[in-house]
Amino acid sequence: MEARPTLLEVESRQRNRQALTSALPPVRRLQRQKIDRVSFIVAGVQKAGTTAIHDFLAQHPHVTLLRDQALHFFDKEEHFARNPDYGILLGNFDPGWRWRVAGEVTADYLYYPRALERIARYNPEMKLIISLRNPIGRAFSQWNMRRKKGQETLEFLDALKRDQEIGIWRRPRGNGYIARSLYSPQLEKAFELFPRDQVFVLKYEDVRTDPFSVLDRIFDFLGLGSVSRLKNQERNRGSYSREITMQEREYAAAIFDDDISRVEELLDWDCSDWRF
């Protein structure tokens with residue numbers, strides 16, 4: 001018959017188990033860290049590769065982006081009719097386990113001064129990423145998009161003339177082919193609200209020709225490491241209904257030439273590839 005342990009032996013064994021347990025590292029439960037602040041925004045411009053940039057950013061394990069790309073939190077007046085509810089913005093994220101920076105991609109923000117002002121009030125340390133495109137090609141691409149959607153009845157040349165007739169800043173949420181392609185006023189507003197080192201400006205043409213080099217610079221700007229084996233998903237690369245004519249190109253070039261010179265001064269760029 002097996003001898004039963006004494007009370008002293010039982011207490012000794014309990015103390016030994018407790019000592020062994022306390023020597024082990026504590027069990028850590030993985031918890032999803034909530035988004036408390038959006039730290040970067042891809043703010044424009046329209047038809048300059050922002051969808052592609054979004055898709056590349058979404059592949060970085062340390063980046064979390066909005067579920068709804070059409071949220072347009074900072075440029076919708078209903079969000080700011082009273083005190084803004086930033087919970088609407090922050091609640092639109094589904095962060096993974098490893099995220100470090102939260103961002104939004106909305107190509108209209110640079111174009112709408114109110115949006116930039118609201119962003120600056122929300123987070124003065126916000127980092128802005130801006131993609132600029134040959135203004136003639138950008139305007140023509142926008143016109144093609146609106147034609148396909150049945151939103152534009154005029155030919156491109158007539159649409160430009162209409163913009164000039166009504167005044168380029170009169171219809172900010174309308175066609176805006178010219179106004180959206182005049183970059184210097186938009187950049188000046190951004191630089192007025194944010195320090196230069198918080199604004200990263202790139203060329204859409206560079207994204208088309210060497211996307212991974214540009215992405216390395218974007219990741220570095222965001223304080224992140226580079227990522228290998230990114231996939232280029234080629235979204236929103238629809239074909240045009242026709243090519244731009246020589247007459248249209250000449251007319252548009254005359255409109256944008258002075259602004260291109262101003263962009264070169266602001267950014268210390270060579271934009272000769274944008275000129276007719």
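## Paired strands

Two strands pair if DSSP finds at least two bridges between them. In this predicted model, strand 4 and strand 5 are joined by five bridges and run parallel. Ile130 stands opposite Val201 in strand 5.

Strand 5 is mostly covered, with five of its five residues buried. Val199, Val201 and Lys203 point one way. Phe200 and Leu202 point the other way. All of these residues are buried.

## Nonpolar cores

In soluble globular proteins, nonpolar side chains tend to be buried together. Here the largest nonpolar core has 58 residues. Ile41, Phe74, Leu128, Leu132 and Leu187 touch the most other members. Helix 10 gives the largest share, eight residues.

There is also a second, separate core of 21 residues. Its members include Val63, Ile129, Leu202 and Phe221.

## Helix 5

Helix 5 covers residues 135-148, which makes 14 residues. From its first C-alpha to its last, helix 5 reaches 20 Å. That is close to the 20 Å expected at 1.5 Å a residue.

How many of the 14 residues of helix 5 are buried? Ten are, and the helix is mostly covered. The buried residues include Pro135, Ile136, Phe140 and Trp143. Arg138, Gln142, Asn144 and Arg146 are buried too. Helix 6 (156-166), helix 7 (183-193) and helix 10 are among the elements that cover the buried residues of helix 5.

Now look at the ends. Asn134 caps the N-terminal end of helix 5. A side-chain oxygen of Asn134 lies 3.0 Å from the backbone nitrogen of Ile136. Just after helix 5, Gly150 takes a positive phi of about 75°.

## Glu264 in helix 10

Glu264 is found in helix 10, which spans residues 246-267. Is Glu264 buried or exposed? Its relative accessible area is 18%. Buried means under 20%, so Glu264 is buried.

What does the side chain of Glu264 reach? It reaches the backbone nitrogen of Cys271 at 2.8 Å. The side chain of Glu264 also makes a polar contact with the side chain of Arg275, at 3.2 Å. Leaving aside neighbours within four places in sequence, Glu264 is in contact with Trp269, Asp270, Cys271, Ser272 and Arg275.

Key:
Residues numbered from 1 in each chain as written. Predicted model: local features only at pLDDT ≥ 70, side-chain atom pairs only at ≥ 80, totals over all residues. Heavy atoms only, no water. Helix = DSSP H or I, 4+ residues; strand = E, 2+ residues; numbered from the N terminus. Buried < 20%, exposed > 50% of the residue type's maximum accessible area, 1.4 Å probe, protein only. Polar contact = N/O pair within 3.5 Å; in protein donor to acceptor, adjacent residues only side chain to side chain. Contact = heavy atoms within 4.5 Å. Expected span 1.5 Å × (residues − 1). Core = buried A, V, L, I, M, F, W, Y, C linked by side-chain atoms within 4.5 Å.
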